[in-house]
Amino acid sequence: MRGQKWIFVHLPKCEGTSISTGLRQTLGAGIEGFINLVETRKWARFDLPDGERAEGLARLFQIRLTLLRAHADRGVPFIYRHFPP
């Protein structure tokens, strides 16, 4: 696995957790490439009006894309969760 970088991109609600867990275990990767969906939703809501949801907002996907790039730049071998296609 050394030198390889894996990014698993999938549609939400399409067995992503099961597949990413299997890939992570097969690759021997840790959880440092996990992007926390709950936390990123909270961050995206900081400046939104009360009651407005972050899900589906460009701002939410920008946060996740930024985290993906940061992990890739650090050389994290396996990055997973929901990112904009």
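Leaving aside neighbours within four places in sequence, Ala44 is in contact with Ala54, Arg59, Leu60 and Ile63, where contact means that heavy atoms lie within 4.5 Å. The structure is a predicted model, in which local features need pLDDT of at least 70 and side-chain atom pairs count only at pLDDT 80 or more, while totals for chains, interfaces and linings use all residues. Residues are numbered from 1 along each chain as its sequence is written, and side-chain values use heavy atoms, with hydrogens and water left out.

The protein contains 3 helices and 2 strands, these being DSSP runs numbered from the N terminus (H or I and at least four residues for helices, E and at least two for strands). Read along the sequence, they follow the pattern β-α-α-α-β. Of the 85 residues in the protein, 33% are buried, a term for residues under 20% relative accessible area, whereas exposed residues are over 50% and partly exposed ones in between (1.4 Å probe, protein chains only).

Helix α2 (residues 37-45) packs with helix α3 (residues 58-74) at an angle of about 125°, and their axes are 9 Å apart. The axes are lines fitted to C-alpha atoms, for helices over the stretch in contact, and the angles run from 0 to 180 degrees between N-to-C directions. This angle makes α2 oblique to α3, since angles under 35 degrees count as roughly parallel, over 145 as roughly antiparallel, 65 to 115 as roughly perpendicular and the rest as oblique. Leu37, Thr40, Arg41, Trp43 and Ala44 of α2 make the contact with Arg59, Leu60, Ile63, Arg64 and Leu67 of α3. These residues divide into 6 nonpolar, 1 polar and 3 charged, where Ala, Val, Leu, Ile, Met, Phe, Trp, Tyr, Cys and Pro count as nonpolar, Asp, Glu, Lys and Arg as charged, and the others, Gly among them, as polar.

Thr40, which has its place in helix α2, is buried, with a relative accessible area of 1%. Apart from its neighbours within four places in sequence, Thr40 is in contact with Ile35, Leu60, Ile63, Arg64 and Leu67. Ala58, by comparison, is found in helix α3 and is exposed, with a relative accessible area of 62%. The C-alpha atoms of Ala58 and Ala44 are separated by 9.3 Å, the two residues being 14 residues apart along the chain.

Ala44 also belongs to the largest nonpolar core, whose 5 residues are Ala44, Leu48, Ala54, Leu60 and Ile63. Such a core is a set of buried Ala, Val, Leu, Ile, Met, Phe, Trp, Tyr and Cys residues joined through side-chain atoms within 4.5 Å.
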